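Please look over the sequence and the structure, then read the points below.

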Amino acid sequence: KPILSITDEELQQDVHVTYDTLLQELHVPAVHVGVKEENIQVKKDKRKEWKSCSDGCVQKRSCERIRETYNLVKLIVQQLEETNPIFMGMKLSIIGSVREGSRAFFPDEVDLHLSLSEAMKNFTYFNNVTQQLMINPNHKTGKNTKEYTTTE
């Protein structure tokens, strides 16, 4: 079923555009960045990441730019881990249209998500009023949260 019908004056006929045709023409191919899909379930230190595009990639420059951005954020994560133990084991992942394969038009942006280690659930809670992740000083693990916080 067409989602758009227009009249082509030059051809003097109606042109019908289906959703499938529109998607095919506007969809951006997969971006070669981050962890390769076949390695998602593999241990973190064994995962293989894209270093370059596959031979048939039609957007190598865009992939390279997004890979550079991804690698910059990885460096920032490493620095954060060295700065404060609360950031140890942080996970970097690609989210949004690039990850889902639903990007349209241009591959000119990427959504990256940083999440704290699962172990931090024992030390933190989310304040719905202030929309902040807070340190829980009264957690049940018996560990001292002072090593994870500063007075600054």
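**Overview**

The protein chain has 3 helices and 6 strands, where helices (H or I, at least four residues) and strands (E, at least two) are DSSP runs, numbered from the N terminus. Along the sequence these elements follow the pattern β-β-α-α-β-α-β-β-β. This is a predicted model, in which local features need pLDDT of at least 70 and side-chain atom pairs count only at pLDDT 80 or more, while totals for chains, interfaces and linings use all residues. Residues are numbered from 1 along each chain as its sequence is written, and side-chain values use heavy atoms, with hydrogens and water left out.

**Chain totals**

- Of the 152 residues in the protein chain, 24% are buried; buried means under 20% relative accessible area, exposed over 50%, and partly exposed in between (1.4 Å probe, protein chains only).
- The protein chain has an accessible surface of about 11800 Å², and 51% of that surface belongs to carbon and sulfur atoms; accessible areas come from the Shrake-Rupley method with a 1.4 Å probe, and for residues only the protein chains shown count as cover.
- Among contacts in the protein chain with a separation of 6 or more, 38% are between residues 24 or more positions apart; contact means heavy atoms within 4.5 Å.

**Nonpolar core**

- The largest nonpolar core has 15 residues, and V31, V33, Y70 and I94 have the most contacts inside it; such a core is a set of buried Ala, Val, Leu, Ile, Met, Phe, Trp, Tyr and Cys residues joined through side-chain atoms within 4.5 Å.
- Helix 2 (60–83) and strand 3 (91–95) each supply at least two residues of this core, and the largest share, 5 residues, comes from helix 2.
- Not counting residues up to four places away in sequence, V33 touches W50, I66, R67, Y70 and I94.

**Helix 2**

- The 24 residues of helix 2 should span 34 Å at 1.5 Å a residue, and the end C-alpha atoms are 35 Å apart, which agrees; the expected span of a helix is 1.5 Å times one less than its number of residues.
- Buried residues in helix 2 are S62, C63, I66, R67, Y70, V73 and V77.
- These buried residues of helix 2 pack against strand 3 and strand 4.
- An α-helix has 3.6 residues a turn, so residues three or four places apart point the same way.

- E49 lies in the loop between helix 1 (19–26) and helix 2.
- The side chains of E49 and Y70 are joined by a polar contact of 3.4 Å; a polar contact is a pair of N or O atoms within 3.5 Å, and within protein one must be able to donate a hydrogen and the other to accept it, with residues adjacent in sequence counting only if both atoms are side-chain atoms.
- Leaving aside neighbours within four places in sequence, E49 is in contact with G34, V35, K36, Y70, N71 and K74.
- D111 is found in strand 4 (residues 111–115) and counts as partly exposed, at 33% relative accessibility.
- With neighbours within four places in sequence left aside, D111 is in contact with S93, I94, I95, G96 and S97.

**Cysteines**

- A search of the whole structure finds 0 disulfides; a disulfide is a pair of cysteine sulfur atoms within 2.5 Å.
- For C53, the closest cysteine sulfur is in C63, 3.6 Å away, which is too far for a bond.
- C53 counts as buried at 14% relative accessibility, and C63 counts as buried at 0%.
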